[in-house]
Amino acid sequence: MLTVNAIAAVSATEPLVPTTIERRAVGPKDVLIEIRYAGICHSDIHTVRGEWGEVTYPLTVGHEIVGVVAEVGSEVSQHALGDRVGVGCMVNSCRECAACLAGEEQYCSNGNTGTYASVDRDGTITQGGYSTHVVVDEAFVLRVPESIPYEAAAPLLCAGITTYSPLRHWKAGPGSRVAVVGLGGLGHMAVKLASAMGAEVTVLSQSLRKRDDGLSLGADHYYATSDPATFTSLDSSFDLIINTVSAVIDLDAYLGLLALDGTMVNVGAPPQALPLHVFTLFDNRRSFAGSSIGGIRETQEMLDFCAEHGIASDVEVIEASHVNEAYERVLASDVRYRFVIDIDTLR
């Protein structure tokens, strides 16, 4: 066992605090990673505040992890000491079901093992990346290309793959019209990726406050959803809508923006139910879908795509002691566009 410094939530209502956690001994197929940076995802906040279900406290969250291989097990073949690596939202799966065999471990029929708040193979609760080290099976460790700075690579492991996967699945590319709802941590990655894929990209945001940012990130158009005229002028305009916001929105209004056979995909995950009138789907044969993260193979594909196209997250690096302040700023949409913890400040 290895005792490491970490930040943990002790309840749903109290601030996160410095602590220590135990990591398992490095097994034959395990990789010990010295974490350099850990991104802060809205999912972390939902989880520690108990908004997505019961939580076992104390809990260390964080599933946007990048660092350096510090030790490898005797049977590890994919990674070596000193490699630049990352860990996303999963650290294991059954590897036997149809989804796993298809490289879609995020949809494991037996439930994948999340990087935090999941039951690990030894029966303990997994603890995430707001810590100095983590031990992960080599099959769930990703290569981080040299051209992507560590701190800018961390959010790719969740925000990047969460938006890349539906864009690829629904075939965003030249000739397709893609709308991105919300320009936050997920939204800014969706814009960059869709633009790099060759799609015509439109940002739909509450106001025009971030318009210059959206256009500089690669959007072709930018509209304020607080203006009712937006929904009139853009009626039946898009082939694909990626909804990145974790709040209740008027689904019927947004679905009305889809062209024939268009699809709206939710990647934001509000804790409340989203009401929908089925008749809205009948017009234009519209579809409403959801998408989780991506499998390990697709996540590596995403990292390589980002390296090839010069894409990385826009980040604000913070010290570990500022994590509670960062949570409040995330909730206030006061970040451009992802907070990343410098784990050296935790050692």
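Colleague: Which classes make up the lining of the largest cavity?
Modeller: Eight residues there are nonpolar, three polar and none charged (nonpolar is Ala, Val, Leu, Ile, Met, Phe, Trp, Tyr, Cys and Pro; charged is Asp, Glu, Lys and Arg; the others, Gly among them, are polar). Bear in mind that this is a predicted model, with pLDDT of at least 70 needed for local features and 80 or more for side-chain atom pairs, while totals for chains, interfaces and linings use all residues. Numbering starts from 1 along each chain as its sequence is written, and side-chain values use heavy atoms, without hydrogens or water.

Colleague: OK, which residues line the largest cavity?
Modeller: G88, C89 and M90 are in the lining, along with F140, L142, L157 and I161, and then I293, G294, I296 and T299. Lining means an atom within 4 Å of a cavity point, on a 1 Å grid where a 1.4 Å probe fits but cannot get out.

Colleague: And how much space lies in the largest cavity?
Modeller: About 70 Å³, taken as the space filled by probe spheres on the grid points. The structure has one cavity of 30 Å³ or more.

Colleague: Switching to helices: at what angle do α4 and α10 cross?
Modeller: Roughly 100°, with the axes of α4 (residues 159-169) and α10 (residues 296-309) coming within 10 Å. So α4 is roughly perpendicular to α10 (that label covers 65 to 115 degrees).

Colleague: Which residues make the contact?
Modeller: From α4 you get G160, I161, Y164, S165 and R168, and α10 brings in E298, T299, E301, M302 and F305. Contact is heavy atoms within 4.5 Å. By class, that contact has four nonpolar, three polar and three charged residues. I161 and T299 turn up in the lining of the largest cavity too.

Colleague: What does α4 lie across?
Modeller: α4 lies across β10 (177-181), β13 and β14, and runs at about 160° to β13.

Colleague: Now the sheet. In what order do the six strands come?
Modeller: β12-β11-β10-β13-β14-β15, an open sheet with parallel pairing (paired strands share at least two DSSP bridges). At the edges are β12 (221-224) and β15 (287-290), each pairing on one side only. From one strand to the next, the twist averages 20°.

Colleague: Over how many bridges do β13 and β14 pair?
Modeller: Five, in the parallel sense, between β13 (residues 238-243) and β14 (residues 258-266).

Colleague: And what is the bridge partner of I242 in β14?
Modeller: I242 has V265 as its bridge partner there.

Conventions: On a 1 Å grid over the protein atoms alone, a cavity is a set of points where a 1.4 Å probe fits but cannot get out, and a pocket is an open set with protein on both sides within 12 Å along at least five of seven lines; lining residues have an atom within 4 Å of a point. Axes are lines fitted to C-alpha atoms, for helices over the stretch in contact, and angles run from 0 to 180 degrees between N-to-C directions. Helices (H or I, at least four residues) and strands (E, at least two) are DSSP runs, numbered from the N terminus. Angles under 35 degrees count as roughly parallel, over 145 as roughly antiparallel, 65 to 115 as roughly perpendicular and the rest as oblique.
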